[in-house]
Amino acid sequence: MELTTVWFVAIATLWTGYFVLEGFDFGVGMLYRVLGRNEPERRAAISTIGPVWDGNEVWLIMAGAATFAAFPEWYATLFSGFYLPLFAILVGLILRGVALEYRGKRDEPVWRARMDAMIVTGSILPALLWGVAFGNIVRGVPLDASHEYVGGLGTLLNPFALLGGLTFVAVFVTHGAIFLALRTTGDLRVRANRLATRTGAVAAVLMIAFLAWAQALRGDTVSVVVTVAAVVAFAGGLVANLVRREGWAFVGTTLAIGLAVVSLFVALFPDVMPSTLDPGSTLTIVDAASSAYTLKVMTIITAIFMPLVLLYQGWTYWVFRKRVVVA
Amino acid sequence: MDTLDLARWQFAITTVYHFFFVPVTISLVAITAGLQTAWYRTGKEKYLRLTKFYGKLFLINIAMGVVTGLVQEFQFGMNWSDYSRFVGDVFGAPLALEGLLAFFLESTFIGLWIFGWDRLPRLVHLGCIWMVVLGTQLSAYFILAANSWMQNPVGFRVNPERGRAELTDLWAVLTNKVVLVTFPHTIFAAFMVGGAFVAGVALWHLVRRPDTDRDVFRSALKIGASIVLVASAGVAISGDLQGKVMTEVQPMKMAAAEALYETEKPASFSAFTIGTLDGSKEIFSIKVPYLLSFLATGHFDGEVKGINSLQDAYEQLYGPGSYKPNIPLTYWTFRLMIGVGMASAAVALWLLWTTRRGRAPARWLVWLAAPLPLLPLAANTFGWIFTETGRQPWLVFGLLPTASGVSPGTTSGEVITSLVGFTALYGVLAVVETKLLLRTIRGGLAGTDAPPDEAPEQPDKPLSYAY
């Protein structure tokens with residue numbers, strides 16, 4: 001395989017990992033305030049993501065840094081072009097990160113209410129806008145001959161991308177509810193389980209509509225197959241949730257999110273930012289790639305250290321595998 | 001102001017703000033790890049209580065460091081897309097290494113440390129915080145290697161076809177002579193902040209709550225003040241080496257640091273000047289003969305190039321234009337960096353002397369509790385403002401002018417939105433964080449005396465140490 005392809009796969013993997021992992025902690029962040037009916041329940045709910053959310057977010061930083069190193073043109077075009085949505089995502093993540101850490105530091109209802117507002121906003125806003133951003137990447141945006149984004153904010157808020165945003169929110173809510181059902185006990189667990197079934201139905205409809213539209217825009221046989229697999233996994237997850245097999249349900253939504261993101265990247269390949277103005281202005285992996293030397297050394301270093309990262313991140317989930325009780 | 005100025009202000013504000021939390025994080029996590037190691041080895045409860053107390057303060061601080069760091073990772077693309085296109089092949093590598101080797105380590109093991117008090121064996125739990133220490137050191141090294149490449153580009157070639165710099169030797173980038181001196185300088189400077197923070201907090205408690213946990217805070221005061229002293233010696237030595245390297249790679253920056261317009265041999269060090277600093281006239285100044293020659297070259301009679309001759313040389317080399325940074329800014333930030341840094345070391349020394357052999361600190365000393373950590377923090381800030389503005393008009397020295405790096409398609413409306421947005425958000429968060437820190441400091445050691453259970457419970461309780 002060409003190294004440019006290897007790095008396209010690597011970046012797709014990082015985004016996939018990010019959405020699978022941060023997907024459930026976004027979901028928990030959106031839900032704990034309504035699912036938890038009192039402070040002990042809310043604390044228990046938020047404790048399920050406490051030890052892991054920060055590590056999950058590093059997948060985003062890694063996706064950004066790897067794009068910078070392997071495809072500088074992609075990094076430059078994407079983040080300068082999607083300026084305002086990215087700004088809003090960063091504000092959301094800042095509010096959320098601070099509030100997650102500070103919420104338990106003062107035992108006062110007013111303080112907690114403020115932190116809750118920051119966590120809920122900071123979970124919904126980035127989820128929605130990442131959906132909008134990925135919708136636009138797949139759909140294509142106006143790029144000029146020097147791969148410079150020439151649209152405005154309005155260009156990004158098209159129906160397809162907005163559908164992508166809603167899909168991300170609905171799927172992450174469901175993924176988060178199933179995670180909560182898997183990691184808590186008692187009433188909280190039952191409520192999370194039931195909620196997942198209800199939001200899951202909505203999410204399934206949105207997901208099918210968004211992915212089918214994406215495939216209609218630019219799909220090939222492989223990406224269609226992956227899309228179907230994603231939908232089947234999601235349906236399987238919802239069925240498992242219905243019969244209260246929460247572990248399998250979580251496997252289902254994890255696979256569904258992973259495969260859905262993969263289907264978008266497969267459809268995109270070998271482009272990274274299609275141009276809607278002129279096919280010649282489309283940014284491809286070849287246009288965007290770093291030099292052969294950079295890709296080679298980065299490949300060697302990543303091959304050595306990424307397994308180590310997976311090992312210790314996996315260990316964290318093992319250490320905190322037990323259900324959290326409300327106390 | 002045009003987009004370029006706005007983008008520069010934004011980078012300056014977000015980066016200086018981010019760096020308020022970085023030195024505290026780097027040093028406080030290591031000090032906390034040291035305290036926990038002391039508890040593990042001696043079993044003395046005071047070390048456990050200090051670990052938990054300063055650990056809590058460290059966590060309040062690192063939360064801000066983490067979230068403001070997110071902006072750092074993406075704003076090169078947002079406001080500096082042409083810079084990203086030009087340097088990504090080289091500059092992206094250390095950034096990606098930082099993520100892969102440092103950020104995963106820090107974020108994962110900090111979660112394990114926070115929530116692992118009663119779930120992990122004591123030695124494993126101690127190992128977790130040391131992994132965070134390792135992560136912060138690696139992170140500092142890689143990001144400083146990236147910055148040092150901007151100060152002194154090495155290990156690359158310019159590809160004229162692609163119009164960009166391309167990496168030819170990653171090892172050369174990672175062993176850039178600038179990073180080899182900048183890393184120790186930055187780390188020692190961070191420890192001055194952390195040591196001063198530990199000592200300042202302890203001092204406040206000793207004066208204001210003399211009857212509560214006196215012995216524990218006496219230990220903390222001595223540990224913190226000693227760290228400041230050792231670190232300040234390290235800062236001075238590494239800073240001296242750094243000055244010599246910088247004189248070699250960016251003589252203009254060092255000439256600007258001295259507002260030295262004409263080449264001198266031997267050169268005197270200007271300690272203080274009243275005047276315009278535009279090279280025309282001097283109203284009053286204090287100078288130390290030969291010192292600048294020694295600082296810059298290692299010889300008392302070494303020649304130090306002046307701003308005017310360097311300007312001529314650079315015009316020959318790079319074409320017409322001004323190659324002078326903002327001279328008053330570099331001159332004063334350089335002096336303030338050294339001055340306030342030395343002041344904090346002096347305070348630390350005095351505190352150790354005045355509390356020797358069981359003596360209680362005088363009540364009025366409490367007024368030094370806040371300035372003690374704020375002085376070295378300010379020195380860190382002045383140092384960065386000095387070295388970054390002293391590199392101007394270059395973004396990458398000798399290769400890419402700052403004006404050529406800004407995003408061509410980004411509108412000033414967009415930059416104003418994010419500039420105002422981040423500044424306002426950071427302002428509010430500064431108030432929230434400071435209040436929370438002060439509250440936690442005032443709370444003292446209450447709640448830190450429960451020794452952690454060794455036996456994990458089934459199933460998990462909600463986590464007590466945080467959340």
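This is a predicted model: local features need pLDDT of at least 70, side-chain atom pairs count only at pLDDT 80 or more; totals for chains, interfaces and linings use all residues.
Colleague: Okay, where is B:D213 then?

Modeller: B:D213 sits in the loop between α6 (177–208) and α7 of chain B. B:D213 has a positive phi of about 50°, although it is not a glycine.

Colleague: What about B:A259, what is its phi?

Modeller: B:A259 has a positive phi of about 50° and is not a glycine. You'll find B:A259 in the loop between α8 and β3 (269–275) of chain B. With 23 other C-beta atoms within 10 Å, B:A259 is buried.

Colleague: You mentioned α7 and α8. At what angle do those helices of chain B pack?

Modeller: Helix α7 (residues 214–249) and helix α8 (residues 251–258) of chain B pack at about 120°, and their axes are 5 Å apart. That angle is why α7(B) and α8(B) are oblique to each other.

Colleague: Which residues meet there?

Modeller: From α7(B) you have B:G243, B:M246 and B:T247, and they meet B:P251, B:K253 and B:M254 of α8(B). That contact is made of three nonpolar, two polar and one charged residue.

Colleague: Let's zoom out. How many helices and strands are in chain B?

Modeller: Chain B has 13 helices and six strands. Its C-alpha trace spans about 70 × 50 × 40 Å along the principal axes. A compact globule of 467 residues would have a radius of gyration near 23 Å, and chain B agrees with that at 24 Å. Also, 53% of the residues of chain B count as buried.

Colleague: New topic: chain A. Where does A:F26 lie?

Modeller: A:F26 is in helix α1 (residues 3–35) of chain A. It counts as buried because it has 31 C-beta neighbours inside 10 Å.

Colleague: What does A:F26 touch?

Modeller: Leaving out residues up to four places away in sequence, A:F26 touches A:S123, A:P126, A:A127, A:F172 and A:G176. The C-alpha atoms of A:F26 and A:H175 are 9.1 Å apart, yet these two residues are 149 residues apart along the chain.

Colleague: And what do the buried residues of α2(A) pack against?

Modeller: They pack against α1, α8 (159–183) and α9 (186–218) of chain A. Among the buried ones in α2(A) are A:R42, A:R43 and A:I46.

Colleague: Last one: which residues does the cis peptide bond in chain A join?

Modeller: A:F269 and A:P270, with omega about 0°. A:P270 is in the loop between α11 (246–268) and β1 (271–273) of chain A. Chain B has a cis peptide bond too, from B:Q392 to B:P393, with omega near 10°.

How values were computed: Residues are numbered from 1 along each chain as its sequence is written. Chains are lettered from A and ligands numbered from 1 in the order in which they are written. Helices (H or I, at least four residues) and strands (E, at least two) are DSSP runs, numbered from the N terminus. A residue is buried if 20 or more other C-beta atoms lie within 10 Å of its own, exposed if 12 or fewer, and partly exposed in between; C-beta atoms are placed from the backbone. Two residues are in contact if their C-beta atoms, placed from the backbone, lie within 7 Å. Axes are lines fitted to C-alpha atoms, for helices over the stretch in contact, and angles run from 0 to 180 degrees between N-to-C directions. Angles under 35 degrees count as roughly parallel, over 145 as roughly antiparallel, 65 to 115 as roughly perpendicular and the rest as oblique. Ala, Val, Leu, Ile, Met, Phe, Trp, Tyr, Cys and Pro count as nonpolar, Asp, Glu, Lys and Arg as charged, and the others, Gly among them, as polar. The radius of gyration is taken over C-alpha atoms; the globule rule is 2.2 Å times the number of residues to the power 0.38.
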